[in-house]
Amino acid sequence: MASASGQPQFIASTGNRSFSNAPLIPNTEDQIVVPDRKSWKNLFAYMGPGFLVSIAYIDPGNFETDLQAGAQYKYELLWIILVASCAALIIQSLAAKLGVVTGKHLAEHFRMEYPKVPNFILWVLAEISIVACDIPEVIGTAFALNMLFKIPLWCGVLLTGLSTLMLLALQQYGVRKLEFLIAFLVFTIAACFFGELGYAKPVASEVLDGLFVPQLKGNGATGLAISLLGAMVMPHNLFLHSALVLSRKIPRSVRGIKEACRFYTIESAFALMVAFLINISVISVSGAVCNSTSLNPQDKASCQDLDLNKASFLLRNVLGSWSSKLFAIALLASGQSSTITGTYAGQYVMQGFLDLRLTPWVRNFLTRCLAIIPSLIVALIGGSAGAGKLIIIASMILSFELPFALVPLLKFTSSKTKMGQYANQTMVAAVTWIIGFLIMGINVYYLVTGFIKLLLNSPMKLGAKVVCGILGFSGMAVYLAGITYLVLRKNKEASHLLALTTAESQQSENGQGDASMCRREDIVSMQLPERTPVDLD
């Protein structure tokens with residue numbers, strides 16, 4: 001791709017480590033072009049990526065962890081949602097900035113920066129996180145099918161493998177229509193929970209106390225807090241967001257890049273605020289209803305072991321007998337919308353790390369098969385209770401995986417070698433590193449304390465405990481060594497940015513002359529087809 005002056009905007013390396021612009025899906029004629037002018041109307045051109053990313057914050061995994069958090073600890077874990085949402089906004093904004101400034105998404109930076117062996121290991125970890133993200137979608141869809149058609153859970157798990165074909169069939173009617181339908185159904189369930197808040201009447205002072213006073217009381221609170229964190233800040237979202245922003249043609253002037261970063265942050269803030277309110281309402285309703293003194297014995301039993309398959313009774317005051325059906329439809333919509341984002345995150349990860357591309361339905365089917373196997377085994381053995389616990393485990397895996405995507409992102413965006421004048425300011429860098437170390441600290445604390453308790457309470461003989469202890473702590477040492485490697489390794493590969501001269505920059509700032517525009521055609525071609533063209537002029 002070339003600029004107006006004939007200079008290359010990006011210099012791709014040659015050989016195996018270069019990326020190709022060959023499209024994954026036949027390219028469409030539409031494009032979203034941001035005019036090189038100062039106007040708040042430009043915000044509309046940037047709308048989209050943040051909302052696609054926010055779908056992951058209201059997927060079945062979030063609903064499951066929110067329901068259990070409210071049922072078991074009332075409002076005590078609301079502060080985790082607040083902290084995670086604020087952290088998510090900062091982290092997602094950094095992911096968007098990395099793509100806007102460098103013209104390459106996060107997975108491509110991994111391939112540029114790290115040697116082959118570490119790069120391959122990081123790719124495997126990224127793929128595991130995508131599979132872990134897909135497990136709640138599989139189980140959530142199976143629960144929805146069970147509520148709608150009384151299909152056994154294990155059979156519903158198998159049927160979720162067909163969701164790929166269903167999505168491809170629906171896309172022929174226009175993906176915008178599909179996305180609007182999904183958003184409508186998800187926001188319908190949100191409206192129902194907001195309505196239920198009026199009936200449940202949670203005590204405002206208790207809700208505010210849960211939001212702003214950190215506390216972890218009772219057995220299992222730390223594990224559930226990690227699940228909430230993992231369900232909110234997902235590794236695959238960092239890869240996804242940094243790639244989605246490359247679908248826009250933005251001015252390559254200093255003002256144009258800063259405006260793109262600012263508007264992407266505003267859009268992400270709005271989208272994540274909606275997701276935050278939905279999560280808060282689910283926990284508040286679950287906490288208020290399950291801790292009510294007037295609860296009947298059947299509902300009290302449901303609260304003791306609350307999962308997605310039993311949660312529709314929470315909406316009975318608003319929806320009556322329709323509660324289970326509408327909850328199931330919204331759960332189905334939530335799972336399928338998350339499948340869309342998961343599929344394309346997988347595409348970007350595979351293309352970025354390995355320069356390898358698969359057609360979307362093949363990619364989706366492979367990931368779904370890997371998620372179906374553990375889900376099917378647990379559904380057959382443990383039923384709905386076991387499937388609900390598997391969602392919690394998958395969310396915990398996402399939390400443990402997060403540092404392997406987050407640490408490189410923080411290093412890349414704080415590096416002047418890669419970002420030039422757009423590198424993170426000292427305050428932003430300090431806050432993001434504090435967030436990163438807090439996440440890693442909580443993970444390590446839970447791993448160590450949980451493993452020690454498991455060994456002490458295990459009926460195994462002393463010799464077996466010693467062997468398991470050596471293996472377990474060796475695994476933790478490898479985990480910490482991997483994170484330490486990412487933290488201490490210096491960035492070596494520079495990003496090849498198009499450098500405007502002072503005169504060219506000033507000319508662009510004054511609106512005189514054409515600023516070069518940047519859009520990655522290979523990223524655009526990975527988008528869902530049949531997007532509506534946007535013309536702001």
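## The disulfide

The torsion about the S-S bond of Cys 290 and Cys 303 is about -75°, so this disulfide is left-handed. Cys 290 lies in helix α13, which covers residues 254–290, and Cys 303 lies in helix α14, which covers residues 297–304. The pair therefore ties together parts that are 13 residues apart in sequence. The model is predicted. In it, the two sulfur atoms sit 2.1 Å apart.

What kind of bond is this? A disulfide is a covalent bond between the sulfur atoms of two cysteines. How many disulfides does the structure hold? The structure holds one.

Cys 290 has 12% relative accessibility, so Cys 290 counts as buried. Cys 303 has 7%, so Cys 303 counts as buried.

Cys 155 comes out at 25%. That value makes Cys 155 partly exposed, because partly exposed runs between the buried cut-off of 20% and the exposed cut-off of 50%.

Now to a methionine. Where is Met 232? Met 232 is in helix α11, which covers residues 221–232. Its relative accessibility is 2%, so Met 232 counts as buried.

Which residues does Met 232 touch, leaving aside its neighbours within four places in sequence? The contacts are Tyr 57, Asn 62, Ile 81, Ala 84, Ser 85 and Asn 279. Met 232 and Ser 395 are 163 residues apart in sequence. In space, they are 8.8 Å apart, C-alpha to C-alpha.

## Confidence in the model

How confident is the prediction? The mean pLDDT of the protein is 77. Of its residues, 79% reach 70 or more.

Helix α18, residues 403–413, has the highest mean pLDDT among the elements, at 93. Helix α22, residues 502–509, has the lowest, at 45.

Two stretches call for a separate look. Over residues 1–30, pLDDT stays under 50. For this stretch, the model has 68 contacts beyond four places in sequence. Over residues 527–537, pLDDT also stays under 50. Here the model has 36 contacts beyond four places in sequence.

Notes. Residues numbered from 1 in each chain as written. Predicted model: local features only at pLDDT ≥ 70, side-chain atom pairs only at ≥ 80, totals over all residues. Heavy atoms only, no water. pLDDT = per-residue confidence, 0-100. Helix = DSSP H or I, 4+ residues; strand = E, 2+ residues; numbered from the N terminus. Contact = heavy atoms within 4.5 Å. Disulfide = S-S within 2.5 Å. Buried < 20%, exposed > 50% of the residue type's maximum accessible area, 1.4 Å probe, protein only.
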